[in-house]
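Subject: Structure handover

Hello,

Here is the structure I promised you. Please open it alongside this note. My findings follow below.

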Amino acid sequence: MPRRVRPEAQWLTEAARTNLWLVPTAETLGAALLFLVTRAVDSAAYYRGWHLPGWVIAGSADGARQILTTMAAALITVVGVVFSIILVALTLTSTQFGPRMLRNFIRDRGTQWTLGTFVATFVYAMLDLVAVGSGPKGDFVPHVSITVVLALTMADVGVLIYFIHHIAIMIQLPQVIASIARDLDDAVENETAARGGRTYSRTAPEVELLRGLMDRGGGVVGSPESGYLQFIRRSMLVELAVRYDAVIKLHHRPGHFVVRGHPFLTVWPAAAAPDVERWLRRSHITGPYRTLTQDVAFAVDQLVEIAIRALSPAVNDTFTALTCIDWLGASLCRIAKDWDPDPICRDAQGLVRLITVPVSYDRLIERAFEKVRQAAAGMPAVMIRQLDALALITHSTLRPEQLPVLLAQADMIHRLAKETVPEPADLADIESAYQALVTLHRGDASAV
């Protein structure tokens with residue numbers, strides 16, 4: 001059974017993950033706390049005459065300063081190298097995979113932990129360097145702290161080797177495509193788990209009546225700012241509707257671009273619209289880019305973007321496009337089983353309070369296949385792989401209403417092949433894949 005995760009927690013997790021400062025900051029604070037502990041041990045050994053173990057490094061204050069200065073300089077140099085590698089990876093990403101792939105690299109935990117490890121070790125070494133000085137019993141040398149610095153530096157060497165390997169793996173196109181597909185599966189799971197609760201008929205007369213009332217006499221509330229809709233606090237909108245005994249209908253879903261002042265939602269009765277408008281800024285989040293939180297179509301669009309870039313005449317990388325189609329097919333098989341969003345949100349008494357605009361199964365299928373098909377004119381291999389992916393999705397389909405959109409996509413691919421593929425042998429292969437899908441569709445339609 002999918003885990004239940006609060007939508008707000010999903011958004012906060014995504015926001016915390018998509019930056020390069022949070023993990024390094026946490027590691028730096030951890031290094032400062034570690035320094036306080038080792039400094040306390042060194043102070044106890046200095047003032048109370050404790051005998052330290054033999055593996056603790058001993059030496060004079062000048063020797064300690066020289067060691068710490070050398071290590072701090074080396075560490076900050078390595079930090080510069082790490083930054084350079086990150087920038088090269090980001091540059092390759094933006095030019096080869098598209099600018100929207102940059103966020104996938106920024107949110108990578110391996111990159112964040114590597115950067116944080118070196119920065120934290122540098123800060124720890126600098127704190128140790130400041131601690132070296134004179135005292136009532138002669139020069140104070142933090143022997144335990146210096147030993148810890150050397151141990152951390154040795155660990156940093158291993159981290160650097162891991163990071164080079166990690167970047168070399170991460171910038172490979174198959175790895176990028178697979179990671180986006182995993183993000184898509186996670187987004188589907190989170191949205192599926194977030195539904196929960198009781199189920200009601202989505203075609204209930206009350207819902208259609210409410211839609212008609214809102215279209216004719218509802219109060220329209222405009223968007224307070226422009227940007228991509230990133231997150232909607234549905235629970236808050238339901239609470240507002242209960243508080244003012246109203247029904248709210250959204251005009252947009254996460255992933256849509258909203259324009260300031262243009263209709264964002266409709267409230268019925270219209271008298272409650274001003275009260276809802278006062279709380280509107282707190283009910284949603286907009287920004288300059290799309291995110292995976294509540295926007296399953298974004299991951300589909302990312303895979304499609306890589307595929308159509310690969311099919312462009314400037315790149316002409318058919319195998320990358322085929323890889324994208326394979327992963328799209330695998331993810332859509334999961335969606336065919338689990339994706340059944342309910343546009344209606346109700347209160348504890350079962351009354352309709354919020355009408356949303358979820359992305360439909362048909363629309364996800366269309367987004368996954370249409371642009372790739374349009375870019376694949378005259379490419380038999382891509383057309384055949386799309387037909388194979390449609391066949392896999394058909395096998396996973398559980399409801400008869402899901403089948404027509406799959407056959408419609410196959411029909412369009414078939415027509416495009418007849419118009420753009422001149423070679424009879426290639427056209428025969430496409431015809432064979434198409435007829436196999438049609439036969440499968442007829443069998444599944446009778447069995448479902």
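Is Leu 311 buried or exposed? Leu 311 is buried, with a relative accessible area of 5%. Burial here means under 20% relative accessible area, so the 5% of Leu 311 qualifies. Leu 311 sits in helix H11, which covers residues 296-311. In sequence, Leu 311 and Ala 321 are ten residues apart. In space, their C-alpha atoms are 6.6 Å apart.

One point before the rest: this is a predicted model.

**Aromatic pairs**

The structure holds four aromatic pairs. Two of them are described here.

Phe 35 belongs to helix H2 and Tyr 124 to helix H5 (residues 109-131), so the contact ties together parts that are 89 residues apart in sequence. Phe 35 is buried at 9% relative accessible area. Tyr 124 is buried too, at 0%.

Another pair is Tyr 46 with Phe 140. The centres of these rings are 5.3 Å apart, with the planes at 85 degrees, so this pair is edge-to-face. Tyr 46 lies in helix H2 and Phe 140 in strand E2 (residues 138-140), so parts 94 residues apart in sequence are tied together. Tyr 46 and Phe 140 are both buried.

Val 41 is partly exposed, at 32% relative accessible area. With Val 37 and Leu 52, Val 41 makes a nonpolar surface patch of about 210 Å².

**Salt bridges**

There are twelve salt bridges in the structure. Here are some of them.

Arg 65 and Asp 62 meet through their side chains at 3.2 Å, N to O. Both are in helix H3 (residues 61-97), three residues apart, so about one helical turn separates them. Arg 65 is partly exposed, with a relative accessible area of 32%. Asp 62 counts as exposed, at 59% relative accessibility.

Arg 353 forms a salt bridge with Asp 245, and their closest N and O atoms are 3.4 Å apart. Arg 353 is in strand E10 (residues 352-355), while Asp 245 is in the loop between helix H9 (234-243) and E5, so the pair ties together parts that are 108 residues apart in sequence. Asp 245 counts as exposed, at 55% relative accessibility.

The side chains of Arg 399 and Glu 401 also meet in a salt bridge, at 3.3 Å, N to O. Arg 399 is partly exposed, with 22% relative accessible area. Glu 401 counts as partly exposed as well, at 49% relative accessibility. Salt bridges with shared partners join Arg 290, Asp 295, Asp 301 and Arg 367 into one network.

**Strands**

An open sheet of three strands runs in the order E6-E4-E8, with antiparallel pairing. Its edge strands are E6 (257-258) and E8 (284-287), and each pairs on one side only. Strand E4 (residues 227-232) pairs with E8 over four bridges, in the antiparallel sense. Phe 231 stands opposite Ile 285 in E8.

Strand E7 (residues 263-268) has its own pairings. Strand E3 (residues 219-222) pairs with E7 in the antiparallel sense over four bridges. Gly 219 stands opposite Val 267 in E7. Strand E5 (residues 247-250) is joined to E7 by four bridges, and the two run antiparallel. Val 247 stands opposite Trp 268 in E7.

**Helix H14**

Helix H14 (residues 380-396) has 17 residues. From its first C-alpha to its last, H14 reaches 25 Å, close to the 24 Å expected at 1.5 Å a residue. The buried residues of H14 include Pro 380, Met 383, Leu 387, Leu 390, Ile 393 and Ser 396.

Best regards

Conventions:
Residues are numbered from 1 along each chain as its sequence is written. This is a predicted model: local features need pLDDT of at least 70, side-chain atom pairs count only at pLDDT 80 or more; totals for chains, interfaces and linings use all residues. Side-chain values use heavy atoms; hydrogens and water are left out. Patches are made of residues with over 30% relative accessible area and no salt bridge: like charges are joined within 9 Å, nonpolar side chains (Val, Leu, Ile, Met, Phe, Trp, Tyr) within 5 Å. Accessible areas come from the Shrake-Rupley method with a 1.4 Å probe; for residues, only the protein chains shown count as cover. A salt bridge is a side-chain nitrogen of Lys or Arg within 4 Å of a carboxyl oxygen of Asp or Glu. Buried means under 20% relative accessible area, exposed over 50%, partly exposed in between (1.4 Å probe, protein chains only). The expected span of a helix is 1.5 Å times one less than its number of residues. Two strands pair if DSSP finds at least two bridges between them. Rings of Phe, Tyr and Trp (its six-membered ring) pair if their centres lie within 6.5 Å; planes under 30 degrees apart count as stacked, over 60 as edge-to-face and the rest as tilted.
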